[in-house]
Amino acid sequence: MILLERLKPEKIALLEAAIRRLSSKDPLFLQFQKQLAWAKSGYVGEKRVDREWIDMKIQFPHILLHGLMAENDQGFQHQLDTLFLSQHFVFVLEIKYYSGFIEFNEQTHQCIKKNFDGVVESYSNPIDQVRRHRSFVRQQLLKLGIDLPVECAVVFSNPKSILERVDVLDVHLFHVTGLRYKLSKMLEKYKMQKIFSEKELMSIGYHFLGMHHIKPWKISLDRKNLRTGVLCSECNFRETMKYKYGRWICMKCGNDNRVAILEALNDYRLLWNDNISNREFREFTGVESKDAASRILRSLGFKSVGTFKDKRYIIPSELKIL
Ligand SMILES: [Zn+2]
């Protein structure tokens, strides 16, 4: 069973919001675009491996935790792409969506990626990353008094990744399609080992789930460089919409969109603050009348805190049109 579902990283939403509101001439614009492309491809790769787990229809008791974020005893973060728990063995997965030729060097501990266009890039070594996660998982199991084999792997989820020169013995390295075979081999190897019940397996799963804590991803930028206003999606978020007769209208293309105000407030939540006052709302959206601003905010159905003068509206993370 899946005890922890993978969530779309908030980093993606945050970068998308920042890109929408930065000038394309801002030096951060390109940097954020690259970071966004990287984060999105990583997420696509992880979802690809998640689908493989579902497709396998595993016939023995097991627990899956996707995207587990936990701290070790020293206060350092571990982000486990997938943690598989069973009564026979544990499997820790690091997922990479690299394309191109990938080479690992066990002497220098480097991971080199040669792109198809000839560009060579160096990455932090995923083998060392997953080894670090493995020792964290082992420590946790020992704390629970469980001595279970812990296997680990770097799984490549992009069909355009070509693994070269792999001389690693303690970490499995394979393409996502090999997951089924690897798992069956592990079960064959460890099936005699079954030291606890299914109920105990669940409590181990809950032990790890209890450690899960998402650390908010912070973005470093000067808010003064961000464009305010309700932006028009039809104009690729480059035009500002005006509030007229109860509707938000784009002055350039005439788009009249009820969702635009929610998109704008979601950007405000991600980039400025998760609550907003009447004055801040007027400054952000360009609505001049205090009464109109009150009406709009009330119509959105947000919860509010404070009294009349210092009233603040809480912008929920799941915005829906009423
Ligand atoms: Zn427009």
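Me: How are H1 and H6 oriented to each other, roughly parallel or roughly perpendicular?
Reply: This is a predicted model. In it, the axes of H1 (residues 10-21) and H6 (residues 260-271) cross at roughly 110°. Angles of 65 to 115 degrees count as roughly perpendicular, so H1 and H6 are roughly perpendicular to each other.

Me: Within what distance do the axes come?
Reply: The axes of H1 and H6 come within 9 Å.

Me: And is the crossing left-handed or right-handed?
Reply: The crossing of H1 and H6 is left-handed.

Me: Which residues make the contact?
Reply: H1 supplies Ala13, Leu14, Ala17, Ala18, Arg20 and Arg21. From H6 come Asp267, Leu270 and Leu271. Sorted by class, 6 are nonpolar and 3 are charged, with no polar residues.

Me: OK, on to H7 and H8. What angle do they pack at?
Reply: H7 (residues 278-285) and H8 (residues 290-299) pack at about 100°, and their axes are 10 Å apart. H7 and H8 are therefore roughly perpendicular to each other.

Me: Which residues touch there?
Reply: On H7, the contact uses Asn278, Phe281 and Arg282. On H8, Lys290, Ala293, Ser294 and Leu297 take part. This contact has 3 nonpolar, 2 polar and 2 charged residues.

Me: New topic: domains. What does the assignment give?
Reply: The domain assignment gives domain 1 (2-211) and domain 2 (227-314). Their C-alpha centres lie 39 Å apart.

Me: How many residues does the contact take from each domain?
Reply: It takes 6 residues from domain 1 and 6 residues from domain 2. On the domain 1 side, 4 are nonpolar and 2 are charged, with no polar residues.

Key: Residues numbered from 1 in each chain as written. Predicted model: local features only at pLDDT ≥ 70, side-chain atom pairs only at ≥ 80, totals over all residues. Axes fitted to C-alpha atoms, helices over the stretch in contact; angles between N-to-C directions. Helix = DSSP H or I, 4+ residues; strand = E, 2+ residues; numbered from the N terminus. Parallel < 35°, antiparallel > 145°, perpendicular 65-115°, else oblique. Contact = placed C-beta atoms within 7 Å. Nonpolar A, V, L, I, M, F, W, Y, C, P; charged D, E, K, R; others polar. Left-handed = near helix turned anticlockwise from the far one by under 90°. Domains from an automatic or database assignment.
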